[in-house]
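Here's a quick briefing to read alongside the model. Keep the 3D view open and find each spot as you go.

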Amino acid sequence: MMPPTQRQRRQAVESDEDEDVHQRPDSPADDGNSDVDHMHGVERDETSQLIKKLVRYALACEYSRTPIRRDGIKERVLGIHGREFKKVYAGAQKQLRASFGMEMVELPTKDRNLLTVEQKRKATKSQSQKEPTSNSYMLVSVLPEYLRVPDIIAPSKVQSPDGEAAYIGIYTMLIAIITLSGGELSDPRLRRYLTRLNAAENMPSSNPNNENAPSEKTELVLQRMIKQGYLVRVADNKNAGDDDAITWHVGPRGKMEVDNEAIAAVVREIYGGGQQNEDLERKLQASLKVKERKPPRSAAANRAPATVQEDEEDSEEDEEPEPGRSTRRGRHG
């Protein structure tokens, strides 16, 4: 068989190029709009991928109780698409609410009184006309109140449910003590409270069921609470060596996760046995400015609204229920 001539080879190449042009997805169509449609399709697909990436990033940060920082979003999620922050953030919020029952909320800024001299100097230099923001976020539940029960929102299985429950109980108690002490607690007083809680030296570990390490040193647990933003430890350098120079405050995550209503609920459970107590309610309202507690509801009223509605409408069985009704979700405190 004779080898192809140069002219034949050139014709074959040209034929292949013509086929590529006709098969190319972005080749112009007769209506002249395919290029625009393709570009919009690519943009929508890129935005969708960025939204999914931000959702994964937010969940990963919350798993380790790490703040979801705006700089981290730009670096790890958006990359060269930094200008798309608002669109991607809004899309991620929608997906988090619909799929996970959570949303991102901005953490409060650091209390200026708790900043060091150097931090205050930097804050003053960067001060602008805009309201100061932390540019950091965390995930909170948006499930309705009647769904926020242990059977539905159980402790996470980061290490073990028992270890997670113990950790939540300890930092919730410490946040409540500091808040009810006026928002500040000296180090000696904190140690006295820890002694009363039988936690002066050791606290339950992340997995108390582990026979080899059922507990860990209290100092390590306190450092973890500081790192995760539940507590803030401030040392007054002017009075170095004085135990009272060290004070403890509630951190930004602690303020968001354990607010005054949650603290009041803890106090009611411990001192009121979960029962209505008018004297205790007056003290809580004076100390925490919480809402007045409503009288206990009946067992039927404590069930989900849908179930209650069914009970109330037993006499109206022939009436068709309204389709597509959804329960409005409230922000978790």
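In what order do the three strands of the open sheet sit? They run β4-β8-β7, and the pairing is antiparallel. Before going on, note that this is a predicted model, where local features need pLDDT of at least 70, side-chain atom pairs count only at pLDDT 80 or more, and totals for chains, interfaces and linings use all residues. Residues are numbered from 1 along each chain as its sequence is written, and side-chain values use heavy atoms, with hydrogens and water left out.

**The open sheet**
- β4 (185–186) and β7 (231–235) stand at the edges with a single partner strand each, so one side of each has no neighbour in the sheet.
- Two strands count as paired if DSSP finds at least two bridges between them; β7 and β8 (residues 246–250) pair in the antiparallel sense over five bridges.
- One spot to look for is A235, whose bridge partner in β8 is I246.
- As background, strands of a sheet pair through backbone hydrogen bonds, either parallel or antiparallel.

**The whole protein**
- There are 12 helices and eight strands; these are DSSP runs numbered from the N terminus, with helices (H or I) of at least four residues and strands (E) of at least two.
- Of the 333 residues, 26% count as buried (buried is under 20% relative accessible area, exposed is over 50%, partly exposed is in between, with a 1.4 Å probe and protein chains only).
- Look at contacts (heavy atoms within 4.5 Å) between residues at least 6 apart in sequence: 62% of them join residues at least 24 apart.

**Around R65**
- You'll find R65 in the loop between α2 (34–63) and β1 (68–69).
- R65 has a relative accessible area of 11%, so it counts as buried.
- Leaving out residues up to four places away in sequence, R65 touches E164, Y167, I168, Y171, Q228, Y230 and R253.
- The side chains of R65 and E164 make a polar contact at 2.6 Å (a pair of N or O atoms within 3.5 Å; within protein, one must be able to donate a hydrogen and the other to accept it, and residues adjacent in sequence count only if both atoms are side-chain atoms).

**S141 in strand β3**
- S141 lies in strand β3, and it is buried because its relative accessibility is 14%.
- The side chain of S141 reaches the backbone nitrogen of L143 at 3.2 Å.

**Salt bridges**
- The count comes to 12 salt bridges, each being a side-chain nitrogen of Lys or Arg within 4 Å of a carboxyl oxygen of Asp or Glu.
- K87 forms one with E84, with the closest N and O atoms 3.4 Å apart; K87 is partly exposed at 49% relative accessibility, and E84 is partly exposed at 28%.
- D279 forms a salt bridge with R282, the closest N and O atoms being 3.4 Å apart, and D279 also meets K283 in a salt bridge (3.6 Å, N to O).
- Why are R282 and D279 separated by about one helical turn? Because they are three residues apart in helix α11 (residues 278–288).
- D279 and K283 are four residues apart in helix α11, so they too are separated by about one helical turn.
- Elsewhere, salt bridges that share partners join E62, R253 and E257 into one network.
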